[in-house]
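Let's take a walk through a protein model together. Keep the 3D view open and turn it as you read.

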Amino acid sequence: MVPRAAPVRALAFVAGLAACGARSVPASPPNDRIAIVASERSAGGVRLVAVDEHGDRQFEVVQPAAGVVRDVNPAVSPDGTWLVFASSRGRAFDQTSLWIAPLGVAKPPRRLTDGPAIDAHPTWTPDGRAIVFASTRDGGFDLWRLAIAAGAPGELTRVTHGPGHEVTPAVAPDGAVIYAAVTPHADRREIDTHLEERAPDGAIRALTSGPADSSPAVSPDGTRVVFARPQLHGGKPDSELWVLVRGTGAIAPLVDLPLTDESGPVWSRDGRFVFATSVLRGADDRVVFSSVIHIDTRETPPVARILEDRVGAIVRLTPALTATPLDAAALHGDPEYLPELVRIMAKRIDEERAAPAGPPEPPHEAPR
């Protein structure tokens, strides 16, 4: 375990540092291997790139858009054919619609949802015939189901309509939809967030008691749910990954990573690895650095490792996994997350001290 003092001292220096620069991305050959897709921050906003098990960028997986846009929350169809994602293309940077593109060739994507609503966090049903997503198309965030056939949108139906908001859905093999239910308190100064499950027959039950549980991901066999829940470190909460065993209510931490916030977990297709976004925040709660980490659930104890590009630390978030089997040996060769994060921050502090003063850079893109 990394001593807490090292990252704490680093935070005093790195609270305002910007992301490392990213190299240009070559065009995608049609049959290149794609194992991991992630959102990557660049001068053009946030784009979707293929990343290998070492963390090295391979190529862009969606044709770039004109201007600065935000492409996030990718989700790959069960057969590995289609990539659905949320994007600000044609909209304000903080607003997203859903888009779809064939995976493997950087062709222009097709817009799936229209209108002024914010559509976000798409996830595929296990049969690959539809996506479930969160949308404000009827006021607050509710969950909707959109049929997909050959990459084209079909029938749109509502899945939930609760008193608050329903967000970050995941669909289990049995058809149940598990999501975060967000309910503001009467004074609206605080909110309660817990996990709920909507059965195929429409029955809804609470899975957790909250008060701040979010972003569930169901294992391929449907037995476990990884989700984000705050944990106190030094009297201050940060979001950690936890595991819920379905049908028992048993909950336990997956991994403990002080000083960083973990969110948006996704399972590998074989149910062995969990990938997630990890964020380091400064003293003013501003995002300092965002990276993709992974945990082998078969390890005892589990160890978090970082996907780090050979050119250096690049801001990445919202990972997705394809149908391509992962190289476990390569993943185990990645550096352990916390020691590497301290090294990255120390290097950036040294670079900041040596660099001439200049205009402030824009803030990081925080995960959603």
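A charge is said to sit over a ring if NZ of Lys or CZ of Arg is within 6 Å of the ring centre and within 35 degrees of the ring normal. With that in mind, find Arg 229: it lies over the face of Trp 242, at 5.4 Å from the ring centre. Arg 70 does something of this kind too, with its charged end over the ring of Phe 93, 5.7 Å from the centre of that ring. Keep in mind that what you're looking at is a predicted model. What about rings paired with rings? The count of aromatic pairs here is 0.

Stay with Arg 70, and you can find your way into strand β4, where Arg 70 is the bridge partner of Val 46. Asp 71 stands opposite Ser 87 in β5. Between β4 and β5 there are 5 residues, and the two strands form a hairpin; look in the turn for Gly 80, which has a positive phi of about 75°.

Now head for the largest nonpolar core, which has 24 residues; Phe 289 and Tyr 337 touch the most other members. Several elements supply at least two residues each, including β18 (236-245), β22 (287-296) and α3 (337-354). Which element gives the most to this core? That's α3, with 5 residues. Apart from this core lies another one, of 22 residues, and among them are Val 171, Ala 172, Leu 207 and Val 218.

Conventions: Residues numbered from 1 in each chain as written. Predicted model: local features only at pLDDT ≥ 70, side-chain atom pairs only at ≥ 80, totals over all residues. Heavy atoms only, no water. Core = buried A, V, L, I, M, F, W, Y, C linked by side-chain atoms within 4.5 Å. Buried < 20%, exposed > 50% of the residue type's maximum accessible area, 1.4 Å probe, protein only. Helix = DSSP H or I, 4+ residues; strand = E, 2+ residues; numbered from the N terminus. Phe/Tyr/Trp six-rings, centres within 6.5 Å; stacked < 30°, edge-to-face > 60°. Pairing = 2+ DSSP bridges.
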